[in-house]
Amino acid sequence: MMFRYSLRGRGDVNEWREAARGFMMAGIAPEYIEWRTMDDADGLFGFDDNRLPQPADPPPKISVQPSFIKLAEAVVCHSDPTRFALLYRLLFRLFHSRGLLNMASDPDVTAARRLAKSVGRDYHKMTAFVRFKELPLPEGDVGRRRFVSWFEPDHFIVARVAPFFQRRFTDMDWLIVTPKGSASWDGETLRTSDDPAPKPDLRDDTDDLWRTYYSSIFNPARLKVKMMTTEMPKKYWKNLPEAELIPGMIAKAEASVLEMAARQASEPLPYHHRIQEAASKVPVAPRPAAGTLAGVREEARHCTRCDIHCLATQTVFGEGPADAQVMVIGEQPGDQEDLAGRPFVGPAGQLFNDTLKAVGIERDQLYITNAVKHFKYQPRGKRRIHQKPNMGEIRQCRWWLTQEIELVKPRLIVAMGASALFALTDMRQKLDDVRSEPIAMEGGKTLFVTVHPSYLLRIPDEGQRRDELMRFREDLAAVQRLM
Amino acid sequence: MKKSLKERLAILSDAAKYDASCASSGTVKRDSSASGGLGSTEGSGICHAYAPDGRCISLLKILLTNFCIYDCAYCINRSSSNVERARFTPEEVIWLTLEFYRRNYIEGLFLSSGIIRSSDHTMEEMVRIARELRTVHNFRGYIHLKSIPEASAHLIEEAGLYADRLSINIELPTDAGIGRFAPEKQPDNIRRSMGNLRLKIEEMAEPTLQTKRRKKFAPAGQSTQMIVGADGASDTTILGTSARLYGSYGLKRVYYSAFSPIPDSSKNLPLIKPPLMREHRLYQADWLYRFYGFDIGEITSGREGGMLDLDLDPKLAWALSHRERFPVDINRADREILLRVPGFGTKTVKGIVSSRRFRRLRLDDLKRLGVSLRKVQPFIVCDGWTPHRLVDRSDLRAMFQPKPEQLSLL
């Protein structure tokens, strides 16, 4: 037996849902139902013949996943007359295979998704292309401003999009009228109707400013008409105030570019010379004297001695008292140091600070610097992977380290890691051979070698890391005794 | 005589059009239903119009003024150019933004400015506009401010409280290029500002100790723009710079802007047709780097002169020079491998991975997922299809190459 069922078919999911539930309760297969809508070509069907079959006994338990309801809500808005049959077929099949919606390449799933997508596009285009025109308030009225828009959507989406406009245009009254329904907002209630509305006669002077903007923001040298019409199809043009300019803009584009090319560059106006002159008179901030730590720091800011400089954000110079007794030298700044412009502020710096505190050394007594002053790294997606500086780079950067040592004149130098040791001695030694013992240097200085704290952060084995942390702490305690 | 608002709008939007960025996406969701104000942002941006240059118009993109004390060769507003000059008052910018917004022309404001008097003075005016839009007019639409690298930290900090996105243009891919064409700009200042901005964004994203709430600070992050084709930098150099910028400063986007002839152009620059195809290929490569697991080195290695292939998209070009990796069995291959098949996008791959759990896929399935079979067939194996020796064909490249076209001068 064939069932016929008529719906208003104007985007309301509930009328279909009620009927579909009735048919499902009776276990009616999709091919036995003919779905009709009020707007069907062969005339208006009444809703009087709508009859649902008796539920089966016992009635089956009908439950359906929320993702299907979401899909159905979109699909019923489409103007395709087969949408209700398609949805019922999906619902019926879902009852037997619940994972069906994840089967993205199933013909019914693809068809439903295509309809939903086209409704989504229509929704999006409505949010984009509705143009409000202001209705002037009656003389003396200082109430809320009023705006009206005429729009022609492809599908029954007015009620679906209306809340968007409510969320956005809360402080004004507005009315959107379309051939597929209307929506209005008065500051308190959002009203929608699915009855077709006639086109009002509207104008707004601000449209003229908008057209000025539209034609000025266009770059005639980059004409890409197809790209424009894909995103803003011609069917929308008749209700867009700016669209009447398009043919003229396209026609004149090439000529205006050619004209631009033909014109010789002209001589600058006096304005330019005045500025240049004023700029040349701006007093340059006095540079710190050469031969002082501040002077060397300033010079190092512009260092281009090796290629790392243009990869990094900035030179990270040493910091601390200019007459510090102890100088600590690490390898090179890391990600955080590079951004902040200060040595040892990242995770390794944190570990270093904690250990200093544990052995009773004040960080601000130390002069802390690095063997290499720029951050060397390899970009990997959204991160930067630290790369060891090579010997050439360390040698180039020794230029700055040597000056720091000469100016600060520390009694004790702590080298953390192999790069620091290499920078000081030009020797590649195993750290373990020289570690933890004071070593006499020329000029009465003492050198003390330990590991770099970032090494400790990289040890995967927890037990080993604990042991190494202990050793590092003992090393710094030894430094404290040497101070 | 003072120019009318309309005349100034024409000048100051013309002056802003060479900035490619127009995105209004990626910010937090918010609306005015609780505040009773005006405006909302809902995740994805909205393009309210398209100009015949194919670009979307989403924001009111204007300059506060096009007077500028800098003389950057590629810029229409450089001090030595003879373009007409104008300026808006902050009140005018606010009025235009609100009135345009009420008529649903735009998603919000993208405000930039020539540098007048000093960096701080200019930045202060821009911040004032954003502040008044938010606090006086209860505006909750999108605001993008171009920040000025030399401006004081406290101004940038305030800007981040009101703006969705902040951007600083790197302009050219190499320090040497900047030195040559934008002598007043300091590349290291630009990098330092981007670094500070990243630190600030990260600091604000940490929940506070007492309230456990995160402060809102430039929720749509920072972006930048590079001009392509004004200096001699190769695509390899450009993409290398992008990778560094993404990695170093957590940028949401790097925009590539094909250098376009400007009125009253500097004599040092080529008056050429903007290299639009090159720009397009750079965007494709940028996407491969960010969403498809490609390394910049993989995309550009072996390319002559470090330039991408203009005839073929970079993924196809890569596949043609790595034929040993194909064909790929779509019923078995990992997601990472599928992403490397020319013609598969991220959505297609998602569809394949979820569908193949139910049954083995055939070409028909791909067709329904919206895949161009002509493009993918040589590179895949599925039920009922093997490309035989298609991948080995020596004319495979020719199959994909566009038909030759008559060249025109401009």
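What share of the 410 residues in chain B is buried? Buried residues come to 50% of chain B. Keep in mind that this is a predicted model.

**Chain B as a whole**

Let's start with the overall build. Chain B carries 15 helices and ten strands. With 410 residues, a compact globule would have a radius of gyration near 22 Å, and chain B agrees with that because its own value is 24 Å. As for contacts with a separation of 6 or more, 67% of those in chain B link residues 24 or more positions apart.

Here are the dimensions of chain B side by side:

| Property of chain B | Value |
|---|---|
| Box filled by C-alpha atoms, along the principal axes | roughly 75 × 55 × 40 Å |
| Radius of gyration | 24 Å |
| Separation of the centres of domain 1 and domain 2, over C-alpha atoms | 40 Å |

Those two domains divide the chain as follows: domain 1 of chain B spans 5–274, and domain 2 covers 314–400.

**The nonpolar cores**

Now for the inside. The largest nonpolar core has 169 residues, and the members touching the most others are A:Leu87, B:Leu12, B:Leu111 and B:Ala130. Helix H4 of chain A (residues 107–129) gives the most to this core, putting in eight residues. There's also a second, separate core of 41 residues, with A:Val345, A:Ala348, A:Val408 and A:Leu421 among them.

Leaving out residues up to four places away in sequence, B:Leu111 touches B:Ile62, B:Leu64, B:Val93, B:Met126, B:Ile129, B:Leu145 and B:Lys146.

Methods: Residues numbered from 1 in each chain as written. Chains lettered and ligands numbered in written order. Predicted model: local features only at pLDDT ≥ 70, side-chain atom pairs only at ≥ 80, totals over all residues. Core = buried A, V, L, I, M, F, W, Y, C linked by C-beta atoms within 7 Å. Buried ≥ 20, exposed ≤ 12 C-beta atoms within 10 Å, placed from the backbone. Helix = DSSP H or I, 4+ residues; strand = E, 2+ residues; numbered from the N terminus. Contact = placed C-beta atoms within 7 Å. Rg over C-alpha atoms; globule rule 2.2 N^0.38 Å. Domains from an automatic or database assignment.
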